[in-house]
Amino acid sequence: MNFIQRMSGISTKTAELCALLEGTGITLLDTRKTMPGMRKLDKYAVKTGGGVNHRMGLYDMVMIKDNHIKVAGSIKKAVMMVREKYGTRYTVEVEASTIDEVEEAAACGVDIIMLDNMTNSMMRDSAETIRKRARIEVSGSINKDRIEKIRNLPVDFISMGALTHSVTAFDFSMSFAF
């Protein structure tokens with residue numbers, strides 16, 4: 001029963017949020033923040049609710065995050081290292097938290113730029129900077145209220161870890177009649 005409640009909670013929440021995005025062209029994505037041992041099931045529940053699975057693991061896409069950038073020395077160097085080794089085999093996404101990082105990532109020809117924990121005005125400015133050079137993902141502190149405020153921004157994706165890591169179980173019970 002707990003298993004069904006969890007999966008139903010994920011699907012129900014996903015469907016509710018997808019309804020908010022209807023007609024905007026924005027896709028709701030999950031993240032890898034799933035219950036240990038339940039990734040495939042959690043992600044299936046997101047799909048059932050109308051969301052899209054972002055990445056299943058570390059093997060199906062390159063995500064360049066802040067620590068990778070620090071080790072490489074810059075976004076440009078991190079992207080160059082990936083492209084030199086793999087060419088265009090993998091989608092390359094860069095996490096950006098500032099307008100400067102957005103500008104650098106856009107200049108590198110990455111596939112997706114994730115606007116991480118930005119204010120709405122920073123997201124708007126970043127989308128203007130990117131201008132169709134990459135797809136745009138918004139992430140960080142995403143909830144229903146935030147989606148309602150950003151649903152009109154020119155972005156492609158909104159990713160939300162809370163779909164699976166902070167799920168509220170769907171409240172139903174099984175009763176027998178004799």
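The model is predicted: local features need pLDDT of at least 70, side-chain atom pairs count only at pLDDT 80 or more, and totals for chains, interfaces and linings use all residues. Residues are numbered from 1 along each chain as its sequence is written, and side-chain values use heavy atoms, with hydrogens and water left out. The protein has eight helices and six strands. Helices (H or I, at least four residues) and strands (E, at least two) are DSSP runs, numbered from the N terminus.

**Confidence**
- The mean pLDDT of the protein is 93; pLDDT is the predictor's confidence in each residue, from 0 to 100.
- A pLDDT of 70 or more is reached by 100% of the residues.
- Among the elements, strand β1 (residues 27-29) has the highest mean pLDDT, 98.
- Helix α8 (residues 162-165) has the lowest, 88.

**Overall layout**
- From the N terminus on, the elements run α-β-α-β-α-α-β-α-β-α-β-α-β-α.
- Along the principal axes, the C-alpha atoms fill a box of roughly 70 × 35 × 25 Å.

**The sheet**
- Six strands form an open sheet in the order β1-β6-β5-β4-β3-β2, and the pairing is parallel. Two strands pair if DSSP finds at least two bridges between them.
- β1 and β2 (62-64) stand at the edges with a single partner strand each, so one side of each has no neighbour in the sheet.
- From one strand to the next, the twist averages 25 degrees.
- β2 pairs with strand β3 (residues 92-96) in the parallel sense, over three bridges.
- M63 stands opposite E93 in β3.

**Helix α1 with helix α2**
- Two packed helices are described by the angle between their axes and the distance between the axes.
- Axes are lines fitted to C-alpha atoms, for helices over the stretch in contact, and angles run from 0 to 180 degrees between N-to-C directions.
- Helix α1 (residues 2-21) packs with helix α2 (residues 39-48) at about 40 degrees, with the axes 7 Å apart.
- That makes α1 oblique to α2. Angles under 35 degrees count as roughly parallel, over 145 as roughly antiparallel, 65 to 115 as roughly perpendicular and the rest as oblique.
- α1 passes α2 in a right-handed crossing. Right-handed means that the near helix is turned clockwise from the far one by less than a right angle; anticlockwise is left-handed.
- F3, R6, M7, I10, S11 and T14 of α1 meet L41, D42, A45, V46 and T48 of α2. Contact means heavy atoms within 4.5 Å.

**Helix α5 with helix α6**
- The axes of helix α5 (residues 99-107) and helix α6 (residues 120-130) come within 10 Å and cross at roughly 20 degrees.
- That makes α5 roughly parallel to α6.
- α5 passes α6 in a right-handed crossing.
- I99, V102 and E103 of α5 make the contact with M122, D125, S126, T129 and I130 of α6.
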